[in-house]
Amino acid sequence: MTGILAGVPRVWLVAGGGWVGRIVQILAQLIAVRIMTDSLGVEGYSVFAVLASLAGWFALADFGIAVSLQNHISERRVAQQEVDDLILTASLLALAAAVTVSLAAFLLGPWLSSLVLGEFASFSSRERMLAFWGMAFPAIGTALGGVAYKVWFAEHRGYLSNLTPAAGTVLGTLGVWLVARGGTPPLLAWSTFAYYTPLALLPLVTLGAMVLCISRRHRVSWSLARPLLGRAARFWLFGLLAAAVLQVDFIIMAHVLMPDDIVIYSIASRVFGLVFFAYNALLFALWPVCSEAIAAGRWDQVFVLMRRYLMLGTGLIVAAGFGVALVRDTAVELLAPTIDATIPVVVVALLTLYIVVRVWADTFAMVLQSMNDLAIFWIAVPLQAILSIALQWLGARYFGLPGVIVGLIACFLATVAWIFPLRCRHNARIAREI
């Protein structure tokens, strides 16, 4: 088996693992949709979908340390230097961050759950708070365990970083099924906790094993804390701004749209996510390759890779759009038979366009991050975040679910879809002149 894999390019090996992992992950998520719409009802699953969007915010609980570590490891690999001291130091810093965020989530949980989930009046404030904690604490653990995932990506073993969350999602779906069978109240909180806990435990166990092994040979190098945290702060602020762009859709819908619309959007976005996540896995695999190529001054190689994979990603998304249009009625009937609705064609078309725009913008964003060039993000992404919130809110108020998606598309086209490519070309031109 090792001999067979040895002939496979690392990028495709990592991406292939990502595709397998994401397919398993999305399929498990869709099965979880059916289980929870049956056990919790449409409104109960709507609450879960909104909480799932908040998990994206808690992914920032490591304060950007994991991404900073990945780029530091890539740079050391180019210089053929060891990385164990980096991993050990970053892990302890991420642990301190996770403890801090956990304390904040505990203290602010009652207020945050009321703020975000207050429109779901059929659930008591206690049920909403417990469900919030059932998502928040495991999500913080997942962010901490994500340090191990970034180590694997930097070592070109990112297929492990995609297969492990897939296993966690399968176990989480099994947990949701067991909770539904048992019927122990509060059902919403237990379902949420059962779904997210395996996603945290698997990477935490992996990271613990890494740290234990390294600690036998190395000690923490606190001199590395400053460079790790300095770069991490920039990544964290960017992640915060990105969350304001990408993780507010369900929060807005929770205050403006009906539960049926939230379920429809959740199903449609997860189906499209099956393909987009596959492309995203490719981007994560390309990240260290681009980091090393840029560090070595090989910009021509970077642009060749980008053109190749942009064409691939666009083709996959368009094909997926046609496929979703054909099976949209069947998808809702299988996954949420308790609602009397279907996925409108206009929603399918808009989501196809949105994901194509994301493929374009995210590819250039990955290249900029791989070389630690975040300066342009401080200009483009804050403006994009403001437009995202405003346009999605206005779109939802006046045009319903399609308006939310139009707002997302517009905030990308107005900002990063053209700013990031210009920045990449500028960096390449400067590098060639040196």
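These legends accompany close-up views of a predicted model.

**View 1. Confidence along the protein.** The mean pLDDT of the protein is 88, with 95% of its residues at 70 or more. Helix H14 (residues 401-413) has the highest confidence, at a mean of 96, and helix H1 (residues 2-6) the lowest, at 48. Residues 1-5 have pLDDT below 50, and this stretch has one contact in the model beyond near neighbours in sequence.

**View 2. Helix H5 (residues 125-154) and its bend.** The 30 residues of H5 reach 43 Å from first C-alpha to last, close to the 44 Å expected at 1.5 Å a residue. At Gly145 the helix bends by about 30°. Of the 30 residues of H5, 24 are buried, so the helix is largely enclosed by the rest of the structure. His156, which follows H5, has a positive phi, near 60°.

**View 3. The salt bridge between Arg358 and Asp362.** The side chains meet at 2.9 Å, N to O. Arg358 and Asp362 are separated by about one helical turn, because they lie four residues apart in helix H12 (residues 345-370). Both Arg358 and Asp362 are buried.

**View 4. The salt bridge between Arg423 and Asp373.** The closest N and O atoms of this pair are 2.9 Å apart. The pair links distant parts of the chain, 50 residues apart: Arg423 is in helix H15 (residues 416-433), and Asp373 is in the loop between H12 and helix H13 (377-399). Arg423 is partly exposed, with a relative accessible area of 24%, whereas Asp373 counts as buried at 11% relative accessibility.

How values were computed
Residues numbered from 1 in each chain as written. Predicted model: local features only at pLDDT ≥ 70, side-chain atom pairs only at ≥ 80, totals over all residues. Heavy atoms only, no water. pLDDT = per-residue confidence, 0-100. Helix = DSSP H or I, 4+ residues; strand = E, 2+ residues; numbered from the N terminus. Contact = heavy atoms within 4.5 Å. Expected span 1.5 Å × (residues − 1). Bend = angle between axes of the 7 residues up to and from the residue. Buried < 20%, exposed > 50% of the residue type's maximum accessible area, 1.4 Å probe, protein only. Salt bridge = Lys/Arg side-chain N within 4 Å of Asp/Glu carboxyl O.
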